Amino acid sequence: MGALSTPKLIGLDDYVPVVGQAEIDEMRAVAACLEGRTVKMVNSTAMGGGVAEILNRLVPLMTDVGVPTRWDIITGGDDFFAVTKGFHNALHGAAYEPTPQAFEIFRACQQQNLASLRFEEDFVVIHDPQPIGLVEARDQKPAHWVWRCHIDVSRPHPEVWNFLVQYMKRYDAMMISSPSFTRALPIHQYLWYPSIDPLSQKNQELEPEFIRETLERFQINPKRRILTQVSRFDRLKDPLGVIKAYKLVRKYTDCQLVLAGGGAKDDPEGGQVLAEVQEAAGNDPDIHILDLPPWSALEINALQRASTIVLQKSLQEGFGLTVTEALWKKKPVVASAVGGIPLQVIHKLTGMLAHSVEGTAYQIRYLLSHPAIAQRLGEMGHEHVKENFLVTRNLKRYLLLFLALSGAAR
Amino acid sequence: MKQAAKPFQFMAASTLVRICGVEVRTVADLLEHLRTISAASVFNHTFQSLGQHHFLTEGFSNDFAQWVLAACNQPQLAEQLTSLDIRQYESVEALRADLLRVLEEFVASEPARAQQRAFEPFYFCEAVTVTVPAPWRAHNLPEFCQGLEHISRETLHYHFVDARLREPLTVNDFSYWLEDSLGLKELGDRVDLIDIYTNTLDGVRQLILEECRSWTEA
C-alpha cells in the first residue's frame, strides 16, 4: 500500500480557469507593490462559522500572492464567550441586559490576549467584536489597523454599542458587508462583500451522475421541476411562507419543493420550527424536508444545481450567501428584498425580488412559464457573482485596501 | 512597423467602495443630497457602477436610475436618468448638474410622488480607485492588441470609460494614444464609437481588437 497523499493546497493559479489569467496577473501586480509588507488576521475561532471558512482560504492565498499573512486566534473562557454571544445578539438588536461584570470580563480577556499576542506586522485585520479590543496594541509598532465587521450593527443595543465604539474609533477603517448594516462612525467605512469559494465542495462543478444520485437518495423526481430553499430551520428564513408560496404555485403548475437545512438537532428552536414545517407540509409527497448534517456541502451543491428555481424567502437576512451560491450556479433566484439580498438580486436583471408570499408565488409562476427569461437571469446572476462575490475578489479588495492605507490610492 | 512616439502603459486599476453614511428614502431626498454629496460618490454611482454591471447590456445605466425604477417605481423618471450618457461629460460636476436638472423637474412637476417612500433606501457610496502599472506596455499596434487581450475588465473600464474624465477630456485612453502616438486618428475615432452601453466589457474588448486587427491587415 502506497503512502497517503497530502491534499494539494489550492493556490491562486487554480482560480485562472474561473476568473481568467488577467485577473490573477493584475492581482500579482498589485501585490508586488506591497512587497516586504506583512499582514496579521485575528478572529475568535479556527473552525466553524463563516469567518473561519473565509480565512481558511484567504490566508494561504494572500501568502501565495506574495504578502505573508499570519492568522491568530484569541483565547477565552466560557464566561468570555457567553458575554460575546450576548454582545453579538445585542448588536443585532435583540433584548439584552448587560451587567458591569460582562464588560469587565470582556476587558480582562482582551488584556490576557494582548499579553500573549505580538503585533509586528504592517497591517492588522481584526474580525468581528470578540477581539476588537486588541487595537490597544496599535501603539507597539506603527501599523495600519482595520476592523472587519461581519454582522449587521444598524440597530444595536445602545449600551453595548457605546462600549464597543471606544475601540472602533481607534481603527483606521472598518469594513462591512452592506451599507444598510452600519451606523455613522468617525472612521472610514468600506463596503466589503462576503465571498464564496468557487472551488469549495459547496460550489465546485459536479458530475451529472452525482446530482442524479443525490436526487434519487432523497426521492426527488429529476424529471419534474424543483423549487429549493436552502437554509437553517429558523423562523427568520420563513419556511412556512415558502410552503404557502409553493401551494399557491401548485394550483396552476406542477412542481416539487425542497426545503434543505440543518441544525435542527442541535438547536431547540430549530427542532420546533422543523416540526411546524413538517406539519405545514402535511402528507404532500412533493414537499421534501431535508434536515442535513453539517458535512453535506456536496449534497447542498447538488440540490442547488438540480433546482429549477432557488428561493430565499427570508424575513430578515445577513448577506445571504445561499443566494450567492445559487446565482453562481446560474440558477434563477426569487428572494425577499431584505438584508444583503438586494445587493445580489437586482430585480429583473439578476433575479426576482418579492415582498410577500403572494409576490413570491407570482414570481415563481412567471419564471416557470418563461424559462428563457429564467435562464437569462441565472446567467446574469452568475456574472454578478463572478465580478463581486468570489474569494479572489475578496483577496483583491484586501490588497487594494492595504495600498490605499499606504497612501497609494488615486 | 510603425513605432509609437510614446509607449502605451497599461495600468492595473481597481476600485474600493467607501460608504458615505448618507441614505435617502424619497426622490426628493435624493435630489437634496445629490447637491452636496462628493464627486467621488457621483462617479461611483454612474461611471463606476456601469463598469461593475457591464454584463447587464440592457436595462442598467446607473445606480440612480435603477433605484428610482426598482425601489421607487417611477419608470418615467428612471428612463430619463438612464438616458444620460456618461460619455458626453467632461467632468463629474457636469454630469451632476444634469442629474440635478432631471430630478428638479420631476420634483417640481410631481411633488407627491417625489415624497413617496421607497421600498429600499438608497445609500450613497464613493469610489476609491487604486492604480498600479500593469506588466504590459505597447510600442506598436500588435503589442497594443496583445496587451488588450491580457488586461482585466476593470483595467479595460479604467482606460476606456473612466479615462474620459482625465485630460484630454471626453476621449478614451486607447483612442488618444492611437492618434497621438501612432498617428492613427481614424482608427482612434472608430474605437471611440464602440458603445459601452450595449456591449459587455468583453464585447468592447473584442470590438477594439477587431478594429485594430482589420487596420493592421489593411
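Me: What distance separates the centres of domain 1 and domain 2 of chain B?

Reply: The two centres, taken over C-alpha atoms, are 28 Å apart. Keep in mind that this is a predicted model.

Me: Okay, and which residues of the two domains take part in the contact, by count?

Reply: Domain 1 of chain B brings 17 residues to it, and domain 2 of chain B brings 12 residues.

Me: Which elements of chain B supply at least two residues of the domain 1 side?

Reply: Strand 1 and helix 8 (153-160) of chain B each do that. Helix 8 of chain B has the largest share of that side, with three residues.

Me: Where do the domains run along chain B, by the way?

Reply: Domain 1 of chain B is made of two pieces, 8-13 and 131-217. Domain 2 of chain B covers 14-126.

Me: Let's step back. How many helices and strands does chain B have?

Reply: Chain B has 11 helices and two strands. Starting at the N terminus, the order is β-α-α-α-α-α-α-β-α-α-α-α-α.

Me: What about its overall dimensions, roughly?

Reply: Along the principal axes, the C-alpha atoms of chain B fill a box of roughly 65 × 30 × 25 Å.

Me: And how does the radius of gyration of chain B sit with a compact globule?

Reply: The radius of gyration of chain B is 19 Å, and this agrees with a compact globule because one with 218 residues would have a value near 17 Å.

Me: What percentage of the residues in chain B is buried?

Reply: Buried residues are 47% of the 218 in chain B. As for contacts in chain B with a separation of 6 or more, 69% are between residues 24 or more positions apart.

Me: New topic: how many residues of chain B are in contact with chain A?

Reply: There are 29 residues of chain B in contact with 32 residues of chain A. Strand 1 (8-24), helix 3 (63-70) and strand 2 (122-138) of chain B each supply at least two residues of the chain B side.

Me: Which one gives the most?

Reply: Strand 2 of chain B does, with nine residues on the side that touches chain A. By class, that side of chain B has 17 nonpolar, 10 polar and two charged residues.

Me: Great, thanks for the tour!

Technical notes
Residues are numbered from 1 along each chain as its sequence is written. Chains are lettered from A and ligands numbered from 1 in the order in which they are written. This is a predicted model: local features need pLDDT of at least 70, side-chain atom pairs count only at pLDDT 80 or more; totals for chains, interfaces and linings use all residues. Helices (H or I, at least four residues) and strands (E, at least two) are DSSP runs, numbered from the N terminus. The radius of gyration is taken over C-alpha atoms; the globule rule is 2.2 Å times the number of residues to the power 0.38. A residue is buried if 20 or more other C-beta atoms lie within 10 Å of its own, exposed if 12 or fewer, and partly exposed in between; C-beta atoms are placed from the backbone. Two residues are in contact if their C-beta atoms, placed from the backbone, lie within 7 Å. Ala, Val, Leu, Ile, Met, Phe, Trp, Tyr, Cys and Pro count as nonpolar, Asp, Glu, Lys and Arg as charged, and the others, Gly among them, as polar. Domain bounds come from an automatic or database domain assignment.
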